[in-house]
Amino acid sequence: MTPEALDKLTLIFRTMFNQPELVLSDNLSAADVPGWDSLKHVSLVVTIEAEFGVRFANSEIAALASVGDLTQLISAKIEQA
Amino acid sequence: MQFLLNPFFWAAVVVLYPLQYIPLPFSRSVVFGVTNLVIIGLLLGLSNLLVAFSFGALIWVLGDLLQKSRAAQRLDKQRAIALSSVAGILCLLIAYKLGRTDGFVASLLCGAQPCGSKLVFGAFVALSSSYAALRCLDYVVSIWNGAKATDPLSLFGYLFPFHMLIAGPICSYKNFLTINEEPLAPVSFSRLIRAVNTIATGLFYKFVIAELLRIYQYGVAGQIVADSWTDSAFLLVYLFFDFAGYSLIALGVGLLCQIPTPANFRAPFRSQTVTEFFTRWHISLGDFVRTNVFIPMQVTLLRRLGVSAASVASICTISVSFILVGLWHRVSVGFLLWGLFLALVMVVEKVVADRVAAAAVGHRVLNLGWTIVGPVYVFVVVSTSIHLVAGEVF
C-alpha cells in the first residue's frame, strides 16, 4: 500500500473511532481499538469502499481480522481495478 | 444424552484416533467422511443413514451445479441455483421445526399411513437437523461466494459430523476445509492429554454439574419448568453446563481426531453487556449469523442509505438477526418475542455505548464499578429473556 493510501486509511480510522492519535499497524485488530465492533466494522468497510473506489465481497468483509488483512485486500482490489 | 451414552460413540473415537496416523492414499476429509458414514450408520441405523446420505448427495449436486455455473461465467444461473437452494433448505428447516412442535404439521409429516415423509422426518429428528441445516446453508453460500466444492464423502463428514451432530457447534465450511490444508500434527502426549481433559471437563459439566442441578431443582424424573424469575435464572445456569458440556465433548473429540471443531463458549457470565454475552455464548451460531445474515444485510443497507444511516440500519439488522436466531431455536411466538427482546436490549446498549462509553474512557471508578455490576446486569437480562421461552426450551 502506498504512503498516501495508508494516510487516507489512517484518517478514516481516526475519524471512525474518534481517536486522533491512532496509529495503524498490520497487527492492529478489533480487540485493540475500543468501539471496533461488528457494526463499526461494516461502517468502516463501506466508508473505505467509497473512499478507495473498491468493492468487497461479504465473505471478504467477514474474514477481515486485522489492519494487515485490510491493507492487503485494498491493495489487491486496487490492482484488479 | 442417549447419544453420548451409546458405546459406539466412544468406540468410534477410540478407533478414529489411531486411524488418522495410518497413511492412506486419500485426503483426510475423505477418510473422515467414510469413517463418519460408518459411525452414523452404527449410531442411528441404516434408514437414518440413507436419508442423511441422500440429503448430503443432493447438497453436493447443488454445490457442483453452482461451481460449474460459476466456471461458465453464468452468474444469473448461479444466483438462481443459490437462492433456490437456500430457500429449499429454509423450507425444510421450517417444516422440521414446525413438525416438532405443531400438532397439525406433525400429523401431516407423520400421518398414520406409511409414507416417505414419516421416514424422512424421523431421520431429521435423529440427525438434529437444525445444526445440519445451517451447515448446508453455509456450504451453499460458501460455494456461491467462490469457495471450492468438495467431494460427496467429505461433504457428508462436514454436514453430519458424528461428534457435532446433537448439539453442534456449527463448524463453518471454510474452517472445515482446513482439515486438508493444515498438515497432520504428529502424535503428541500433551495434545492427547489436552483433548482428554477437554472431553472430561465436558462430561463433568454435562453429567455431573448439569444433572445434579436438574435433580436438585426438579427431582430425578421431574419436568424442567420455570414459573418464576428465580426458576429462569436457575434454568440459565443449567443450560450453560448442559450445552457447554456437549460443546466441550465435541471440541475434545475434534482435538483428539484432528477434525476442525470450533469452540462454542468463552466464559459468557463474565460479559459486561448482553451484546458481549452473545459473542461468548453459542459462539459458532453467532459467527454463522454474523457472516450470513448480519454482515450482508448491514452492508447492503449502508451501501444504499450511506454510513450516516448506520444507527437506523443497525436497528433493522440486529432485530432481523435475533428474530432469526429465536426462530431457529423454535418457530413460536415465545421465541419471536425472545429475539425481539434481546435485539431491543442490544440496540439500547449500542446507543448508550456510543454516547456514554466515550465519556467513561479513563474514568477508573466508573469502569471498575461496571466490571462488577455488568455481569450482574447481563445475568438478570438474559435470565429474563429465558423466562419468555422457559416452557419451550425442552
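**Close-up views of chains A and B**

**View 1. Two salt bridges are counted between chain B and chain A.** The model shown here is predicted. One bridge joins the side chains of E49(A) and R303(B), at 2.5 Å from N to O. The side of chain B that touches chain A draws two or more residues from each of two elements, α15 (283-305) and α16 (310-329) of chain B. The largest share, nine residues, comes from α15(B). By class, this side of chain B has eight nonpolar, four polar and four charged residues.

**View 2. The interface buries about 1500 Å² between chain B and chain A.** The size of an interface is often given as the accessible area lost when the parts come together. Here, carbon and sulfur atoms give 64% of the buried area. On the chain B side, 16 residues are in contact with 17 residues of chain A. Four residue pairs are in polar contact across the interface, with both residues of each pair at pLDDT 80 or more.

**View 3. Eight salt bridges are found over all chains in a search of the whole structure.** The pair E49(A) and R303(B) crosses between chains. E49(A) sits in helix α2 (residues 38-52) of chain A, and R303(B) sits in helix α15 of chain B. Their side chains meet in the salt bridge, with N to O at 2.5 Å.

**View 4. A nonpolar surface patch of about 410 Å² lies on chain B.** Five side chains are labelled: V333(B), L336(B), L337(B), L340(B) and L388(B). Helix α17 (residues 333-360) of chain B gives the largest share of the patch, four residues. L337(B) is one of the patch residues, and it lies in helix α17 of chain B.

**View 5. The peptide bond from G168(B) to P169(B) is cis.** Its omega is near 0°. P169(B) is found in a loop of chain B. That loop runs between α9 (152-159) and α10 (173-176).

**View 6. Q73(B) has a positive phi.** The value is about 60°, although Q73(B) is not a glycine. Q73(B) lies in the loop between two helices of chain B, α4 (46-71) and α5 (75-101).

Notes. Residues are numbered from 1 along each chain as its sequence is written. Chains are lettered from A and ligands numbered from 1 in the order in which they are written. This is a predicted model: local features need pLDDT of at least 70, side-chain atom pairs count only at pLDDT 80 or more; totals for chains, interfaces and linings use all residues. Side-chain values use heavy atoms; hydrogens and water are left out. Contact means heavy atoms within 4.5 Å. Buried area is the accessible area (1.4 Å probe) that two parts lose on being put together, summed over both. A salt bridge is a side-chain nitrogen of Lys or Arg within 4 Å of a carboxyl oxygen of Asp or Glu. A polar contact is a pair of N or O atoms within 3.5 Å; within protein, one must be able to donate a hydrogen and the other to accept it, and residues adjacent in sequence count only if both atoms are side-chain atoms. Ala, Val, Leu, Ile, Met, Phe, Trp, Tyr, Cys and Pro count as nonpolar, Asp, Glu, Lys and Arg as charged, and the others, Gly among them, as polar. Patches are made of residues with over 30% relative accessible area and no salt bridge: like charges are joined within 9 Å, nonpolar side chains (Val, Leu, Ile, Met, Phe, Trp, Tyr) within 5 Å. Accessible areas come from the Shrake-Rupley method with a 1.4 Å probe; for residues, only the protein chains shown count as cover.
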